[in-house]
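Try each task yourself before reading the worked solution.

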Amino acid sequence: MYQTKAYSAVNATSALAATSIPRRDPTARDVQIEILFCGICHSDLHTARNEWSSVMQTTYPCVPGHEIVGRVTQVGSAVTKHKTGDIVGVGCLVDADQTCPCCRDHLENLCPSGVFTYNSPDKHGTAPVTYGGYSDSIVVDEHFVLRIPANLDLAGAAPLLCAGITTYSPLKRAQVGPGKKVGIVGLGGLGHMGVKLADAMGAYVVVFTTSPNKREDALRLGADEVVVSRNADEMQKNAGSFDFILDCVSAEHDINAFLNLLKHDGDMTLVGAPEKPLSISAFSLIFGRRRLSGSLIGGIAETQEMLDFCGAHNLTSDVEVIPIQKINEAYERMVRSDVKYRFSIDMASLKSD
């Protein structure tokens, strides 16, 4: 094992602060990565503050970060996909059993034995749990290391490893493309990527927002139309007209209002994760034979497909680049939705601690 610099939370109410964490020495199948940028996800904040304790209890110290872009510094003897010097990415997963039905279907994200990049039991025994990308380096099995297209800005590419695949997977599964009318609910870290991707896929894209002042930005990102969801007349004009709606909102909201906008056999997929259960009217689904579904990131092959798609269309997240020393300020700003639209940490800043 070796020690590397990191930022961690030591309990649910503490600020994140500089520390040192252990990493395993690379095994035959491992890739060692110097982390260049790490995006900040709402999941990082929820986990650091143990706000999802009913679903996944946080083990401290907690080192968040699962939107990792870096440079390969060492590879194991059996590694064939990557070499020293390659620019690569690591998303929300660092391991899975690779034998279960989900893994055989290339859905490692649904593997019952899947290992998240942070706060999952560390099967290598390096630490009680896995530690994420708010650190100098990371060691990951090559299967879970992804190629970053050379034309993409690295700071903006980092959030693709979570926000990108989280929105790409359900859009692709819904066969979004020309002739499809697609709604994106919420123009935040997830929603702005949903707009960019759906637009690049050729769909007619409508953004739903509670903030009229987001209209101009939504159109800039690729929306064809913007609807203020608090305006009953604007909502009614769109009733029964959508093929697919992607709900990216993590706060409590009325999803029935959006289900009623779907065509018959239309689908609404949730990728936001509100803390409290949402109330669903059976009639919103029964009338129109509509579907409500959920989606969790994507498998490794699909994540690589998303990165290649973004490379082909020159798509990255809109980011504000910050030093790691501003992580606690960034968390508070994220709670206030005071960022357009993701934070990306320049991990070179960690060297000054």
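**Exercise 1. Find how many salt bridges the structure holds, and look at the pair Asp30 and Arg24.**

Step 1: The structure holds 20 salt bridges, each being a side-chain nitrogen of Lys or Arg within 4 Å of a carboxyl oxygen of Asp or Glu. This is a predicted model, in which local features need pLDDT of at least 70 and side-chain atom pairs count only at pLDDT 80 or more, while totals for chains, interfaces and linings use all residues. Residues are numbered from 1 along each chain as its sequence is written, and side-chain values use heavy atoms, leaving out hydrogens and water.

Step 2: Asp30 pairs with Arg24, and their closest N and O atoms are 2.9 Å apart.

Step 3: Check the cover, where buried means under 20% relative accessible area, exposed over 50%, and partly exposed in between (1.4 Å probe, protein chains only). Asp30 is buried at 2%, and Arg24 also counts as buried at 14%.

**Exercise 2. Work out which parts of the chain are linked by the salt bridges Arg220 with Asp318 and Asp265 with Arg289.**

Step 1: In the salt bridge between Arg220 and Asp318, the closest N and O atoms are 2.9 Å apart. Arg220 belongs to helix H6 (residues 215-221) and Asp318 to the loop between H10 and strand E16 (319-323), so this pair links distant parts of the chain, 98 residues apart. Helices (H or I, at least four residues) and strands (E, at least two) are DSSP runs, numbered from the N terminus.

Step 2: Asp265 and Arg289 come together with their closest N and O atoms 2.6 Å apart. Asp265 lies in strand E14 and Arg289 in the loop between helix H9 (282-286) and strand E15 (291-294), so the pair ties together parts 24 residues apart in sequence.

Step 3: Asp265 is partly exposed, at 30% relative accessible area, whereas Arg289 is exposed, at 56%.

Step 4: Salt bridges with shared partners join Lys196, Asp217, Arg220, Asp318 and Lys340 into one network.

**Exercise 3. Decide whether His82 is buried or exposed, and list what it touches.**

Step 1: Look in the loop between strand E4 (68-75) and strand E5 (87-90) to find His82.

Step 2: With a relative accessible area of 6%, His82 is buried.

Step 3: Leaving aside residues up to four places away in sequence, His82 touches Val31, Val72, Val75, Val88, Glu142, Val145, Leu146 and Arg147; contact means heavy atoms within 4.5 Å.

Step 4: The His82 side chain also reaches the backbone oxygen of Val145 at 3.0 Å.

**Exercise 4. Find how many residues of helix H4 are buried, and what covers them.**

Step 1: H4 spans residues 163-173 and is mostly covered, with 9 of its 11 residues buried.

Step 2: The cover of these buried residues includes strand E10 (181-185), helix H5 (191-200) and helix H10 (300-313).

Step 3: Turn to H10, whose buried residues have cover that includes strand E9 (146-147), H4 and H5.

Step 4: Just after H4, Gln175 takes a positive phi of about 55 degrees, and just after H10, Asn314 takes a positive phi of about 55 degrees.

**Exercise 5. Locate Val335 and find which residues it touches.**

Step 1: Val335 sits in helix H11 (residues 327-335) and is partly exposed, at 49% relative accessible area.

Step 2: Not counting residues up to four places away in sequence, Val335 touches Leu45 and Arg49.

Step 3: The C-alpha atoms of Val335 and His42 are separated by 8.6 Å, although these residues are 293 residues apart along the chain.

Methods:
Polar contact = N/O pair within 3.5 Å; in protein donor to acceptor, adjacent residues only side chain to side chain.
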